[in-house]
Amino acid sequence: MKLRANLIIGGALFALAILVGLLAPWLAHTDPVLDANLMNAEEPPSWTWWFGTDDQGRDIYSRVVYGARVSLTVGIVSQLINSVIGVALGLSAGYWGGWWDDFVNGLTNLMLAIPSLIFALAIMAVLGPGLTSLLIALGLTNWSFTCRIARASALSLRSQGYVQAATVLGYGDLRIMITQLLPNMLGPIVVIGTLGMGSAVLSEAALSFLGLGVRPPFPSWGSMLSDAREQITTAPWLSVFPGLAIFLTVLGLNLLGDGLRDILDPQSRSRRT
Amino acid sequence: MTGAPLIEVEDLRIDLDDGVRRVAAAEGISFRIDRGETFGLVGESGCGKSITALALIGLLRQPLSIGGGVIRFEGREIQHLSAARQRELRGNRIAMIFQEPMTALNPVSPVGRQIAEMFVLHKGKSWREANKLAVEALASVRVPAPERRVNDYPHQLSGGMRQRVMIAIALACGPDLLIADEPTTALDVTVQAEIIELMRNLCAERGTAILMISHDLGLVANVCRRVAVMYAGRIVEERGSADIFRAPSHPYTQGLVASLPRLGSRAALGRTRLKEIAGVVPAITNFPEGCRFNPRCTQATGICRTVAPQTDLLEAGGFVRCYHHA
Ligand SMILES: Nc1ncnc2c1ncn2[C@@H]1O[C@H](COP(=O)(O)OP(=O)(O)OP(=O)(O)O)[C@@H](O)[C@H]1O
Ligand code: SF4
Ligand SMILES: [Mg+2]
């Protein structure tokens, strides 16, 4: 099997982001919050301060490294919530049909009609800023694509011979959904999940930029951008490096999603066999 | 319960409701199968064999439903059981092998796991025990190197092997009745014979009754002690297999028997064409009045076209549904 470039580059970027997040205490040069020193305020990038320092003299490199933790936690956890909700709703709707399907369909259309970031904003407004609120707001608002795909897959899979055979053999509905349907739709669900993670990272940045994300002074890429916007002309490094981190992570996730689609897509899979 | 037959169907009617009107896709279906007996259901495509089987295991779904009659399993009526109770019967006491062996296995799950799941589901075994039992089950259907084969995925197996796995799954829980709906149509002839032989032997060893469904009267009569012939939603004749070949009673059965190639006959040697029954099977929404075979029957008279014949019991056992039967 030929490994594709997007899979390798995307996987590498995503793995790098995860490693940085995990190893942050060892990679960072200084404490991202406490090591403020006005003596070094607004230093441009140099051998001492790789990414420069901010107006309080905090090391931007260390803050970007620690910021990976927030961005990835939000990206991964909120997308997992979305995937679970989307699969549970879509799979059961497609398999059972009837009024439940109509209900789920209506709900999905409603979710698609409201831009998810606006919806997340509304939830954040109710819950207040903070990491938990971020996870909830982003985890509840971006499951509609997963739901659609799960529903469509369930609809086409339920007439497959092995699903009918399972019914004949006395499998209950739940067992059929988990053992017969879910494993056979996992490919597209993983692809959508990967792409969704990228958009969750972006949404985190956006919400944090608006001051609704993780509370300062703990760094997140979005809040760093927000802090940097007044100095964008005087100290551009304050926005360039967190921006680059967001860009590379999202790019990596999108490439990874595309690459996974190429190998997991049931159509391209059946073409190979 | 020693006296009761294993399964007994009485005057079963299956309705097809397309939202506009309700027609009987099958009616007046009655038969019984004793413990360990082999019973065949034969008829042309669309005559209602598969829906009859689905009715037995409680799996008729919209637009089909049971419109009347009784199904007894070990003397207990099962047609009104709750979904959960019917599920306990399915796969456990009544198993079924499918028309499509190629697609009846889950492509992303190793075959051993699919066998083992039956023990977990119906017998409450742990996965550890179930996996061991799966190896034994695979060995019992004569799959070579079963302890390695359990890890194979369906696409790694040939059609014949897959059908063996299906038989292992169906017989895993030691069912009392095995329904085989055209179990070998998708396989080539030599494999077909092997699979049928295997199924027959395993069921005989374990005292499992077989309900075999096929359009091939020769095949069914070979496997089964008794055969019922279906035409357009009704059973038209039910006899011992030997009798039905020697002296078919119903004009339709006579046509079927005459159309079978016999070993060494001129037809089998390709010198004459097989005798076919003229005409086509009527559509389900367009069944003729009276005897449904009358438009194709050479012996039809006035009454055949107006009033449906009742069943006539035959002296040698069995029955036939025809006014002018032999
Ligand atoms: N789900 C369904 N919806 C509508 N009609 C159906 C459905 N299933 C079966 N039928 C109709 O019921 C009749 C009997 O079908 P059945 O599948 O029992 O035939 P069969 O004897 O098994 O034929 P075959 O030998 O082709 O399998 C047919 O006329 C068929 O068109
Ligand atoms: S009842 Fe009449 S039409 Fe029907 S099979 Fe007998 S002779 Fe033919
Ligand atoms: Mg059929």
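**Cores, rings and a sheet**

Q: Of the 118 residues in the largest nonpolar core, which touch the most other members?
A: This is a predicted model, where local features need pLDDT of at least 70 and side-chain atom pairs count only at pLDDT 80 or more, while totals for chains, interfaces and linings use all residues. Residues are numbered from 1 along each chain as its sequence is written, chains are lettered from A and ligands numbered from 1 in the order in which they are written, and side-chain values use heavy atoms, with hydrogens and water left out. A nonpolar core is a set of buried Ala, Val, Leu, Ile, Met, Phe, Trp, Tyr and Cys residues joined through side-chain atoms within 4.5 Å; buried means under 20% relative accessible area, exposed over 50%, and partly exposed in between (1.4 Å probe, protein chains only). The residues that touch the most other members are Leu181(A), Ile115(B), Ile167(B), Leu177(B), Ile179(B), Leu211(B) and Met212(B).

Q: How many residues are in the other core that lies apart from it?
A: Ile60(A), Val64(A), Trp237(A) and Leu260(A) are among the members of this other core. The number of residues in it is 24.

Q: Which residues does Ile115(B) contact, leaving aside its neighbours within four places in sequence?
A: Contact means heavy atoms within 4.5 Å. By that rule, the partners of Ile115(B) beyond four places in sequence are Ala134(B), Ala137(B), Leu138(B), Val165(B), Ala168(B) and Ile169(B).

Q: Which strands stand at the edges, each with a single partner strand?
A: Strands are DSSP runs of E of at least two residues, helices are runs of H or I of at least four, and both are numbered from the N terminus; two strands pair if DSSP finds at least two bridges between them. In chain B, eight strands form an open sheet with mixed pairing, in the order 6-7-8-3-9-10-12-11. One side of each edge strand is left without a neighbour in the sheet, because each has a single partner: in chain B these are strand 6 (94–97) and strand 11 (312–313).

Q: Which residue in strand 12 of chain B stands opposite Glu238(B)?
A: Strand 10 (residues 234–240) and strand 12 (residues 319–320) of chain B pair in the antiparallel sense over two bridges. Opposite Glu238(B) stands Phe319(B).

Q: How many residues apart in sequence are the parts that Tyr231(B) and Tyr252(B) tie together?
A: Rings of Phe, Tyr and Trp (its six-membered ring) pair if their centres lie within 6.5 Å, and planes under 30 degrees apart count as stacked, over 60 as edge-to-face and the rest as tilted. The count over all chains is six aromatic pairs. Tyr231(B) and Tyr252(B) form a tilted pair, 4.7 Å centre to centre with 55° between the planes. Tyr231(B) is in strand 9 and Tyr252(B) in helix 10 of chain B, so the parts tied together are apart in sequence by 21 residues.

Q: Is Tyr252(B) buried or exposed?
A: The relative accessibility of Tyr252(B) is 0%. Tyr252(B) therefore counts as buried.

Q: What is the centre-to-centre distance between Tyr252(B) and Phe293(B)?
A: This aromatic pair is edge-to-face, with 65° between the planes. Centre to centre, Tyr252(B) and Phe293(B) are separated by 5.3 Å.
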